[in-house]
Amino acid sequence: MTQKYLKLDASDVLGTAEKLHEEGYRMVQICGVTKNGYSELLYSFDKDHDLVNYKVDVPFGTSVMSITPVYWAAFVYENEIHDLFGIDFMDSKLDYKGNFFRMSAVTPWKGKDHEEGA
Amino acid sequence: MSYSTKSPWILHYDASSCNGCDIEVLACLTPLYDLERFGIINTGDPKQADLLLITGAVNDQNKGVVKQLYEQMPEPKVVVAVGICACSGGVFRECYNILGGIDTVIPVDVYVPGCAARPESIIDGVVKGLEVLENKLNKMREGTL
Amino acid sequence: MGKRTIVPFGPQHPALPEPIHLDLELEDEKVIRAIPSIGYVHRGLEKLVEKRDYEQMTYVMERVCGICSFGHSYGYTSAVEGLMGVDVPERANYLRIMFHELSRVHSHLLWLGLLADGLGFDSLFMHCWRIREKVLDVFEAITGARVIMSFCKVGGVRKDVSPDMLRMVRNVCDDVEEEVRKTSGVFMKDSSIRNRLCGTGILTREDVLDLNAVGPVARGSGVENDARTAEPMYRNLGFEAVLRDEGDCWARCIVRVDEIFQSLDLIRTAIDTIPSGEFCAVVKGPVPEGDYTFRVEQPRGEGFYYVQGNGTKNLSRARVRTPTNINIPAMVKALQGCDLQDVSMLVITIDPCISCTER
């Protein structure tokens, strides 16, 4: 399997999703990665077993446009990432407002701030 | 042997198990192991249950549910923790959303180890649980419980 | 028009072995909207990558779910091997496929049993699970465990399987096939089952594409979505995806029945053509920096594995996207407009695995 990773700016997420949707891509998953000072999101799309991954860096405190207007099924991942990483998704079609995963810990996956040291 | 230990009813609850133990608990009821030959029936109603079988470790989310199920069961009652997660938290002990074994919330009478617990050991655990049930029943009759 | 009522469904429900909660918005007996809420079995096990090295993580990942546990270890180890550039011996690949397909047979039989139980057909439930025990006996004979086998390791498999054992597996396959042929006839012909399943919970081809559903749910609606078609190993074994066009509960049931036969065929072909040689490659050193994704066709659909290495023995991230995770939107869609009595049936035909979903 070939591995394709492309960098994407947080502001281009929705636009790229729209483009891929038109081209007939299927959304595979959205995944968050813990980093210091920011969180990294990995969007994966697939067309005929050809997987494309987009890496998006999201600094703490900033939000990302939701892709649920294009791929409604993304609500599962977006709400999960919201609860685990504390990233807000704007204009979501189905927002649980932090009640998707009910946990004792608050945003357990969020990394440390830069100052606290890597 | 009293009537309740001859035909004990079981309530099964999946706390946060990986399914492995749950499926083995269900497998106990199927033809190969056939727990029903001991007069044991799996019920969904805590008010009719004598034994509580719990699989998986406790988290903040289901802590209340486990407590509530236990409180709804009539005395005498026996709790059997099935699988290593229910005993101590197992491989998930260090996870952020796991509080620990079932005994952090309610008293446990029988611990069944294993990952996943084998049907033979689950049946053994249930039969051990029946002894405890009998003892509790006798104590209740004597008025010492 | 009736008054709208909200009926809670779960987390403890007789039809479900696992806790999932649905808020059903009803108008008389019709479901208008279903809102799922999960989180009862969330453990956060992916976070353990910080404390466990990449080899130990195999056994943690295996415990994502006790039903498709082999698939999880298979997907995770393949992703790590890809990242580390390990060449897995051919024999190990064949053994992995054999175990993966055996897991599919036992998972589908388990599911058929749960469906029969949901229909109130108890003796059929017992028969399905009785046949399933034969597969578990194979697991036990080879690995020593019934459900969580720890057979996969990074580099290959944990132990070799002797020719005698392989012959035994082949005989069990023949035996299981005969039994399943008898039992599955009930699902195909029995009028009470067909009455319940045919025409209920229809997901059209468009719905499936729109909601990105995977696995038997997608294939029951005529969408060819099977990660196995892209794998050269499976192409060598002559694999073709099983498809149905109806899109209802019955189609999803028949897809799974046909997949049992197909998996048994694949296992027999694999056993007949298995090469001799090593069963595990030597793997050394830390995981290099970089990313790797791998997809595995689980019994419930496509599983997605992603690992990110950082040059140490611990990974930065090990992610698993399980098939149920992406099938939840399809389930919500299928529930819209169905009768309240059919809710449990519909939820079962998606074959939700909650401990997979929440990890």
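Predicted model: local features only at pLDDT ≥ 70, side-chain atom pairs only at ≥ 80, totals over all residues.

Is R96(C) buried or exposed?

Reply: R96(C) is buried. Its relative accessible area is 1%, and the cut-off for buried is under 20%.

R96(C) has a charged partner. E81(C) forms a salt bridge with R96(C), and the closest N and O atoms are 2.8 Å apart. E81(C) sits in helix α2 of chain C, residues 69–84. R96(C) sits in helix α3 of chain C, residues 90–119.

The general idea is simple. Side chains of opposite charge can pair when their charged atoms come close.

Now the wider count. Over all chains, the structure holds 40 salt bridges. Chain C also has a network of them. It links E101(C), R104(C), R219(C), D226(C), R228(C), E259(C) and E297(C).

K7(A) and D57(A) meet through their side chains in a salt bridge, at 3.5 Å from N to O. K7(A) lies in strand β1 (residues 5–8) of chain A and D57(A) in strand β4 (residues 50–59), so the pair ties together parts that are 50 residues apart in sequence. K7(A) counts as exposed, with 60% relative accessibility. D57(A) counts as partly exposed, at 31%.

Chain B has its own example. K136(B) and D109(B) form a salt bridge, with the closest N and O atoms 3.4 Å apart. K136(B) lies in helix α5 (residues 119–142) of chain B. D109(B) lies in the loop between α4 (84–88) and β5 (110–112) of chain B. The pair therefore ties together parts that are 27 residues apart in sequence. K136(B) is buried, with a relative accessible area of 17%. D109(B) is partly exposed, at 30%.

Next, the contact of chain A with chain C. It takes 38 residues from chain A and 36 residues from chain C. Together the two chains bury about 3,300 Å² between them. Of that area, 55% is on carbon and sulfur atoms. The count between chain A and chain C is 4 salt bridges. One salt bridge joins R319(C) and E80(A), with the closest N and O atoms 3.4 Å apart. There are 14 residue pairs in polar contact between chain A and chain C, both residues at pLDDT 80 or more. On the side of chain A that touches chain C, the elements giving two or more residues are β2 (26–34), β3 (38–47), β4 and α2 of chain A. β2(A) gives the most, with 9 residues. By class, that side of chain A has 22 nonpolar, 8 polar and 8 charged residues.

I81(A) is buried, with a relative accessible area of 3%. Leaving aside neighbours within four places in sequence, I81(A) is in contact with I30(A), C31(A), G32(A), L41(A), G86(A), I87(A) and F89(A). I81(A) and F101(A) are 20 residues apart in sequence. In space, their C-alpha atoms are 9.7 Å apart.

On to a hairpin in chain C. Strand β8 of chain C covers residues 315–321 and is mostly covered: 6 of its 7 residues are buried. Strand β7 (residues 301–309) of chain C runs antiparallel to β8(C), and 6 bridges join them. Y305(C) has V320(C) in β8(C) as its bridge partner. β7(C) and β8(C) form a hairpin with 5 residues between them. In the turn, G311(C) has a positive phi of about 90°.

Last, the contact of chain B with chain A. It takes 4 residues from chain B and 7 residues from chain A. The two chains bury about 500 Å² between them, with 46% of it on carbon and sulfur atoms. In chain B, Q61(B), Y96(B) and N97(B) lose the most area to chain A, together 84% of what that side buries. The salt bridge count between chain B and chain A is 0. By class, the side of chain B that touches chain A has 1 nonpolar, 2 polar and 1 charged residues.

Methods
Residues numbered from 1 in each chain as written. Chains lettered and ligands numbered in written order. Heavy atoms only, no water. Buried < 20%, exposed > 50% of the residue type's maximum accessible area, 1.4 Å probe, protein only. Contact = heavy atoms within 4.5 Å. Helix = DSSP H or I, 4+ residues; strand = E, 2+ residues; numbered from the N terminus. Buried area = accessible area lost by both parts, 1.4 Å probe. Polar contact = N/O pair within 3.5 Å; in protein donor to acceptor, adjacent residues only side chain to side chain. Nonpolar A, V, L, I, M, F, W, Y, C, P; charged D, E, K, R; others polar. Pairing = 2+ DSSP bridges.
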